[in-house]
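Dear colleague,

Please find the structure below, handed over for your reference.

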Amino acid sequence: CPSAGACGGQFTANTMACVSEAIGLALMNSSGAPAPYESRDQYGVASGEAVMNLIAKNIRARDVVTRKSLENAARVVACTGGSTNAGLHLPAIAHEAGIDFDLFDVCDIFKDTPYFVDLKPGGQYVAKDLYEAGGVPVVMKELRKAGLIHEDCMTASGREMGEELDMIMGEADDRVIYHIDSPLTKTGGVVGLKGNLAPEGAIVKVAGMAEAEQVFSGPARCFENEEEAFAAVKARKYEEGEVLVIRNEGPAGGPGMREMLSTTAALSGQGMGKKVALITDGRFSGATRGFCVGHVGPEAAHGGPIALLKDGDMITMNAVTGELSVDLTDKELAARKDAWAGPKETIYASGALWKFSQLVGATRFGATTHPGAKAEKHIYMDL
């Protein structure tokens, strides 16, 4: 943290800042300048002028946010080793714009995008270093060399992405931004998982992890919420080789899908970050390290398989093949579902959080609380 502003790693704040440029909603290279830099003032003026230009040309947010621009954004998340939370936010943005683009679509892009920007927590550098190496535009120029960018997407400047990239003089420095033909790894820093434990998918950050570390199998140790898990970790009431399961922390079950940072930080602090794994229907901070799988869907509150796990069930997580499974037959899972007592009651029986828990949808589609643009009867800008 060199000064004011968001923490410098490629955590959720900086990941989504990169997305704002990659998706076309922010001016190129405007999101990365450290908070006290005078260039922030210049970008503020330029953004105001850009807004007036967009109004004059009647270019709207939904002209900018398209299926192609969402794919561009997912590419930038993958190649920078960005936060798993992008797997939640990008489908939510798509939903708002009436576009079909869910967690599986995001993960398909992650799978075939090289990871070539060396940022913390998996790498060495921070957002300030990325900015000084040329920022998101230089990253996107590298992606373009491999044919991984849609150039015909409208941007906030009123120009298409290809035109914007043609104006960028910077090149990869092979220190912060590697050339795409010599990446850190050939697949993205974030991976999607699926299997009988996560029929609606899950997500894990693997940036900085060796391939041998991306496979883990062990017995489940189940916790009904984050506090219970944190207390057990603090007291070291777990064993090396176990898969810690934190459930009832999804969008409806939390309610609100908290990030499991305290538990993962405690494990890392105990030197156990690589000796146990963790899965949850909740989220993770972008700063999470180790084999930590989040967004497991369906969540426990919706009767997903994570709700049916018992201590000792053998869980296999394989980020190389994209598998998240439990060694139980379909018949056994069905029998457990029939015997399931239903979702855990939360302490919220009224108020906004109760409302949220009743309305919120699946993590796979961004954990949204309304039908989205597809159900709109009018365009708000036309009123």
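Which helices and strands each supply at least two residues of the lining of the largest pocket? In this predicted model, they are α6 (103-111), β1 (190-195) and β2 (198-205). Helix α6 gives the largest share of that lining, namely 6 residues. The pocket has a volume of about 470 Å³ and is lined by 29 residues, with Lys111, Val191, Gly192, Ala319 and Val320 lying nearest its centre. By type, the lining comprises 15 nonpolar, 10 polar and 4 charged residues.

Salt bridges are the next topic. The structure holds 24 of them. One joins Lys145 and Glu171, whose closest N and O atoms are 3.3 Å apart. Because Lys145 lies in helix α8 (residues 135-145) and Glu171 in the loop between α9 (161-166) and β1, this pair ties together parts that are 26 residues apart in sequence. Lys145 is partly exposed, at 48% relative accessibility, and Glu171 is likewise partly exposed, at 43%.

In a further salt bridge, Glu227 meets Arg258, with 2.9 Å between the closest N and O atoms. Here too distant parts of the chain are linked: Glu227 belongs to helix α10 (residues 226-234) and Arg258 to the loop between β4 (243-246) and α11 (261-269), 31 residues apart. Through shared partners, salt bridges also join Lys141, Glu142, Lys145 and Glu171 into one network.

Finally, Ile347, Tyr348, Leu353 and Trp354 make a nonpolar surface patch of about 410 Å². Of these, Tyr348 is found in the loop between α12 (330-339) and α13 (351-359); Tyr348 counts as partly exposed, at 34% relative accessibility.

With kind regards

Key: Residues are numbered from 1 along each chain as its sequence is written. This is a predicted model: local features need pLDDT of at least 70, side-chain atom pairs count only at pLDDT 80 or more; totals for chains, interfaces and linings use all residues. Side-chain values use heavy atoms; hydrogens and water are left out. On a 1 Å grid over the protein atoms alone, a cavity is a set of points where a 1.4 Å probe fits but cannot get out, and a pocket is an open set with protein on both sides within 12 Å along at least five of seven lines; lining residues have an atom within 4 Å of a point. Grid points are joined across faces, edges and corners, and a volume is the space filled by probe spheres set on the points. Helices (H or I, at least four residues) and strands (E, at least two) are DSSP runs, numbered from the N terminus. Ala, Val, Leu, Ile, Met, Phe, Trp, Tyr, Cys and Pro count as nonpolar, Asp, Glu, Lys and Arg as charged, and the others, Gly among them, as polar. Patches are made of residues with over 30% relative accessible area and no salt bridge: like charges are joined within 9 Å, nonpolar side chains (Val, Leu, Ile, Met, Phe, Trp, Tyr) within 5 Å. Accessible areas come from the Shrake-Rupley method with a 1.4 Å probe; for residues, only the protein chains shown count as cover. A salt bridge is a side-chain nitrogen of Lys or Arg within 4 Å of a carboxyl oxygen of Asp or Glu. Buried means under 20% relative accessible area, exposed over 50%, partly exposed in between (1.4 Å probe, protein chains only).
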